Amino acid sequence: MAQSRHANALKLYDGSFFAGKTLRERGGAEYSYSNTGVTIRRGGEVREFAIKWLFGAGHFALTPVLEIDGRAVEHRVSYYAESNRLSLTPGHPAQPAGSIDAALGLVQSAENRTRCFGCHMTGDRPGVNCQNCHGDGANHPRQKQAVKRDGSVALCASCHRSPNEAFASETPELEDPTSIRFAPVGLMASNCYKRSAGKLTCVTCHDPHRNVQPSKTYDAACRSCHAPKAQTCKSDCASCHMPKSSPLPLLIFTDHRIRTTP
């Protein structure tokens, strides 16, 4: 079976993509990375920290997470694959860090820690594995009930985020451009999804056991409902109806609100 793109969505830090790199914030701290962690310099103060985890599959970005006195700390600096560079982690203050503790990153609440590790781990193992979607596979393959739990958008949205029901929008990418990061938000606002009566789900286009494919490979799913218009279509369906966007620096996402765009 092909390896899912989520298989290494969390791993122990080994210096990959970070070791040997440095970053200096103007008016702030200087970071230098090794195979075990990060050294932060600010003014005359120098402190070293061990990095424990790397969050992310590496296709877009990797964010270190440290464990300090039993607390999870999301590092202020992330690695971005497209540009092969280090930069600010999304959601962190843009102004230079005023202390080494601030330069280290943001301490996560117990609730956030549970939610983050719950989506990026399977039990006590790093990465997303079969059980996340198929349920308890302890007796698999002897018991046939160890099969797919749910093919609906709701299952994928449990990690990839569902719309906020209290603030549901027909145009989420306009109300909150960063919502483009979360594919189910846009998909569930699409007329294609609403009119499908539950037939259109994430797995209509995406095989969860395979890496994301080139956009033209999804045309068959579109044409299963929509007649092809070869005389007007000069590209694949997604290029026009699911445009790519960069709501955050150094990151590009596919907008999953399917629609006619200018």
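1. A disulfide is a pair of cysteine sulfur atoms within 2.5 Å. By that criterion, a search of the whole structure finds one disulfide. Cys119 and Cys159 form this link, with their sulfur atoms 2.4 Å apart. The link of Cys119 and Cys159 is left-handed, with -100° about the S-S bond. Cys119 lies in helix H2 (residues 110-120) and Cys159 in helix H4 (residues 153-160), so the pair ties together parts that are 40 residues apart in sequence. Helices (H or I, at least four residues) and strands (E, at least two) are DSSP runs, numbered from the N terminus.

2. The model is predicted: local features need pLDDT of at least 70, side-chain atom pairs count only at pLDDT 80 or more, and totals for chains, interfaces and linings use all residues. Residues are numbered from 1 along each chain as its sequence is written, and side-chain values use heavy atoms, with hydrogens and water left out.

3. Buried means under 20% relative accessible area, exposed over 50%, and partly exposed in between (1.4 Å probe, protein chains only). Cys119 counts as buried because its relative accessibility is 18%, whereas Cys159, at 34%, counts as partly exposed. Cys192 is in no disulfide; the nearest cysteine sulfur, that of Cys222, is 7.3 Å away.

4. Ser32 lies in strand E3 (residues 30-33) and is buried, with a relative accessible area of 18%. The bridge partner of Thr22 in E3 is Ser32. The side chains of Ser32 and Arg41 are joined by a polar contact of 3.3 Å (a pair of N or O atoms within 3.5 Å; within protein, one must be able to donate a hydrogen and the other to accept it, and residues adjacent in sequence count only if both atoms are side-chain atoms).

Conventions:
Pairing = 2+ DSSP bridges.
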